[in-house]
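Please look over the sequence and the structure before reading on.

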Amino acid sequence: MQFHHHGYVSGDPRILEAAGVGLDRPTELPDEVDVLVVGSGPAGMITAAQLAMYPDVNVRIIERRAGRLAVGQADGIQARSVETFQAFGFAGRITEEAFHLTETIFWKPDPDDPTRIARAARTLDDPSGISEFPHLIVNQARVLDHFAEFAANAPGRVVPDYGIEFVGLEVTDGAEYPVAVEVRSTAGERAGTSRTVRARYVVGCDGAASGVRRAIGGRLEGEKANHAWGVMDVLAVTDFPDIRTKCAIQSGSGGSILLIPREGGSLFRMYVDLGVVPADDAGRIRATPLDEIVRRANEILHPYTLDVRHVAWNSVYEVGHRLTDRFDDLGEDEVGERTPRVFLTGDACHTHSAKAGQGMNVSMQDGFNLAWKLGSVVSGRSPERLLRTYSAERRVVAKDLIDFDREWSTLMAAKPEEMADPTELEEFYVRTFEFPAGFMTEYAPSILTATPVHQHLATGFPVGKRFKSARVMRVADANTIHLGHHHRADGRWRIYVFADAPAPGEPSGVTDWAAWFAEAPDSPLAVHSPRDADIDALFDVKVVYRQPYTEVDINRVPELFRPRVGPFGVVDYEKFHTAIEGEDVFEARGISPTGAVVVVRPDQYVSNVLPLDAREELADYFAPLLTAG
């Protein structure tokens, strides 16, 4: 964390100085806003938190509840989400309070007595070390609390407007605030009264029954799997030996349980198989009493017993797989003709089972993907065409999620004798572990994601996939750091320059590249950076050298990597690094001996890989994405 560069900070450095709309933020929801976010779930809160870092963007988030969420339904936090939390500054704190999933144990009918279950296999949660972050279990409400804290402490000082629900909207092209949104108060003195708020953009994060989706004519298309599950968070006494480990349990009776230990050391969640739902059930299965769910759980766990002492939360749901036909308000005949004004995220555009732990995680990535684009457009950094990439990118991800969850939930519901191979469930889990961990997303070539013609220069940083961090040595203070952990949710682009062979200051590709980027009139820095702002206001440029850090002369490192920042013009010493002996990032990430430039967009995805001498190509890449400074 960097601070003091604007003067001495004696308080909490996570509380940034208010700026722009955060200086005099009205308590009441104003009549006109730049972005109106509907719903304060995971997608809504990450959207608001990211936009709070753009002090020129007037963003408000409305929520029909009267206050914060107390008990959340989602609890699984994949490693990709924890990487995202790092960008918002709370990965460490939430990791401390969460339960860490390290392995999954598979229980099946005992071959010698199929009426009993027996431990059959164990699998590591991350067998290949795909991330330095763990797989966590923590209450969704705590995730929302952390995002709320970030948003309130950001320059925009964003806090949710509770007790206000969405009613409907109309879009009028050509108006300064083209979206007229009818809202209604649900709490307080104004409960039941309605009013109209006008917005430049609206983001629907209002769940599977989304009113925003209905207002733009969107439809959730798909089908139910005709299978029901009871879910409960409980405190219980049991002799089941793996109660504090994630378990997939298949019994001889045909029922199944997915067991998820919760944070705190005592609570755990059970998804209990309630069986096939008759076609004429008409939702009656959802009235299954808690006692019946507990009875089913004991039947499946035989010969072990479960004595439930306290239920924190429980529900019954039918597995369904649905995907919206649109992620924004553009009809098929309007794509490319106008800018979308209304967007959908999270459950408003994709629903599926809860057992793969994807709902909250994918929803947050929806919000992260969209929010920085909205912030960049509204603040004038990017043209409106950037917003068209949201639907194109995230609809593919949602489709892949539906396909994955359909296969996983089908396997979880299957009886052991129905499987072609008795190890089919655990083999599927191991084979596909990157998907539920959040690392299979790969954006296709577009205006935002370059064609990977130079991928051979950095094979470990695939274009279109998230930037996989690696440890390096920070030269100035001899601290070992994770390169990607300084990638904050501040709307900036990251450019990582991996050096060729010569030492800092010697004639080299890095020296020439740094001189061009810092001084040439056609460089992205000169063309797109805001006037009268710090040199790194838009681009956070870092270099990694190959030499041992003890051989690097700081004063010979190009000034681009030693920028002067803040009102006092102090030097930023955290932008030049070297490889670590025995843990060489160049070898680990397949960096060419000739070096490479790796461009990472504000939501942590690699968008281009280029050689050091491809300067015109780098300038051409940014030209359609950013406006002139």
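Helix α1, which spans residues 42-51, is mostly covered, since 10 of its 10 residues are buried. The model shown here is a predicted one. The buried residues of α1 are Pro42, Ala43, Gly44, Met45, Ile46, Thr47, Ala48, Ala49, Gln50 and Leu51. As for what covers them, these buried residues pack against the strands β1 (32-38) and β2 (59-63), and also against the helices α2 (79-87), α4 and α7 (359-378).

Helix α4, one of those partners of α1, covers residues 140-153 and holds leucine 144. Leucine 144 has a relative accessibility of 6%, and therefore counts as buried, because buried means under 20% relative accessible area. When neighbours within four places in sequence are left aside, leucine 144 is in contact with Ser40, Gly41, Pro42, Met45 and Leu69; among them, Pro42 and Met45 are also listed as buried residues of α1. Threonine 95 lies 49 residues from leucine 144 along the chain, and the C-alpha atoms of the two are separated by 14 Å.

Serine 523 is placed in the loop between α11 (509-519) and α12 (524-528). Leaving aside its neighbours within four places in sequence, serine 523 is in contact with Trp516 and Phe517.

The table sets out the accessibility of the two single residues.

| Residue | Relative accessibility | Class |
|---|---|---|
| Leucine 144 | 6% | buried |
| Serine 523 | 0% | buried |

Key: Residues numbered from 1 in each chain as written. Predicted model: local features only at pLDDT ≥ 70, side-chain atom pairs only at ≥ 80, totals over all residues. Heavy atoms only, no water. Helix = DSSP H or I, 4+ residues; strand = E, 2+ residues; numbered from the N terminus. Buried < 20%, exposed > 50% of the residue type's maximum accessible area, 1.4 Å probe, protein only. Contact = heavy atoms within 4.5 Å.
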